[in-house]
Every structure is written in C-alpha cells, then in structure tokens.
Amino acid sequence: MLTAVDHVQLAAPPGSEDRLRAYYTGVLGMTETPKPPALAARGGCWFEAGDVRLHLGIERDFRPARKAHPGLRVTGIDAFAARLAAHGAPVTWDDLFPGHRRFYSEDPVGNRLEFLEPGPA
C-alpha cells in the first residue's frame with residue numbers, strides 16, 4: 001500500500017550545483033540536506049521544506065523537464081510569485097485548475113515547476 005511520496009527527483013547538468021543551491025535555498029527558501037556519502041560522489045543536491053523533498057541528480061546528457069514537473073503547494077501565492085519574479089524567475093499564471101490558483105516557473109537549469117494554492121481560481 002502506498003502511503004506518501006518520499007521525494008521527487010529532477011535532473012540537472014554537471015557543474016550546476018551552485019546555481020541549484022542559490023535557487024532552491026535562496027529563492028524558494030528550502031534547506032539543503034546532506035546526501036549519504038556513497039550518493040554524494042555522484043554530485044547533485046537534496047533540498048527540503050516541511051514534508052517536501054526534492055532531489056536534483058546530475059545527468060550527463062541533461063535535458064530540462066519541460067512538461068513533467070512537481071506540483072508544489074504554497075501559501076500566499078501572490079507574494080510567492082512576486083518573490084520568484086524579483087529573482088528573475090519566469091512566472092506564468094494558469095487558471096485552468098478549478099479550485100486552485102497556480103503558476104508555472106523554471107529552476108535555473110530549465111526544469112518546469114508548478115506552484116499552487118487551493119482557493120478561488
């Protein structure tokens with residue numbers, strides 16, 4: 001029986017860890033968590049905020065996820081969108097999900113991210 005999603009993994013190109021750290025900690029406000037030593041040798045970064053865990057793994061022939069994406073629930077979505085925009089991240093609003101307000105953005109390596117908050121669409 002499934003009980004929860006433990007984490008979502010996204011890919012990133014080699015050498016992008018510093019940009020990922022700056023974005024996921026500095027812009028999104030997540031905390032970097034240490035990878036186990038055997039996995040740290042592969043590169044990449046792990047981040048968490050509350051029950052949300054994102055793993056960014058290094059992929060040699062990296063192509064950003066343009067359609068597949070994690071849906072990240074936020075509070076205060078307008079302020080959150082403004083924060084991303086102030087850091088130069090794209091913010092594209094979408095009102096097609098009934099009962100939610102949401103927008104899409106991208107991390108610094110081009111992976112698609114969805115941010116949503118329950119409420120009037």
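## Helix 1 and its buried face

A residue is called buried here when its relative accessible area is under 20%. By that cut-off, in this predicted model, helix 1, which covers residues 17–27, has E17, L20, Y23, Y24 and V27 as buried residues. Viewed down the axis of helix 1, these buried residues fall within an arc of 160 degrees, so they line one face of the helix. An α-helix has 3.6 residues a turn, so residues three or four places apart point the same way.

The partners of the buried residues of helix 1 include both strands and a helix: they pack against strand 1 (8–12), strand 3 (45–49), strand 4, strand 7 (100–106) and strand 8 (112–118), as well as against helix 3 (77–86). Just after helix 1, G29 adopts a positive phi of about 80 degrees.

## The largest pocket

The largest pocket holds about 210 Å³ of space, and its lining is made up of V5, D6, H7, V8, D51, V52, R53, L54, P70, G71, L72 and R73. Strand 4 (52–58) and strand 5 (71–73) are the elements that give two or more residues to this lining. Sorted by class, the lining of the largest pocket comprises six nonpolar, two polar and four charged residues.

## The second largest pocket

For the second largest pocket the volume is about 150 Å³, and the residues that line it are L28, G29, M30, A49, V52, L72, R73, V74, F80 and F115. Its lining has eight nonpolar residues, with one polar and one charged residue beside them.

Technical notes:
Residues numbered from 1 in each chain as written. Predicted model: local features only at pLDDT ≥ 70, side-chain atom pairs only at ≥ 80, totals over all residues. Heavy atoms only, no water. 1 Å grid on protein atoms, 1.4 Å probe; cavity = no way out; pocket = protein on both sides within 12 Å on 5 of 7 lines; lining within 4 Å. Points joined across faces, edges and corners; volume = space filled by probe spheres on them. Helix = DSSP H or I, 4+ residues; strand = E, 2+ residues; numbered from the N terminus. Nonpolar A, V, L, I, M, F, W, Y, C, P; charged D, E, K, R; others polar. Buried < 20%, exposed > 50% of the residue type's maximum accessible area, 1.4 Å probe, protein only. Arc of directions from axis to C-beta. Contact = heavy atoms within 4.5 Å.
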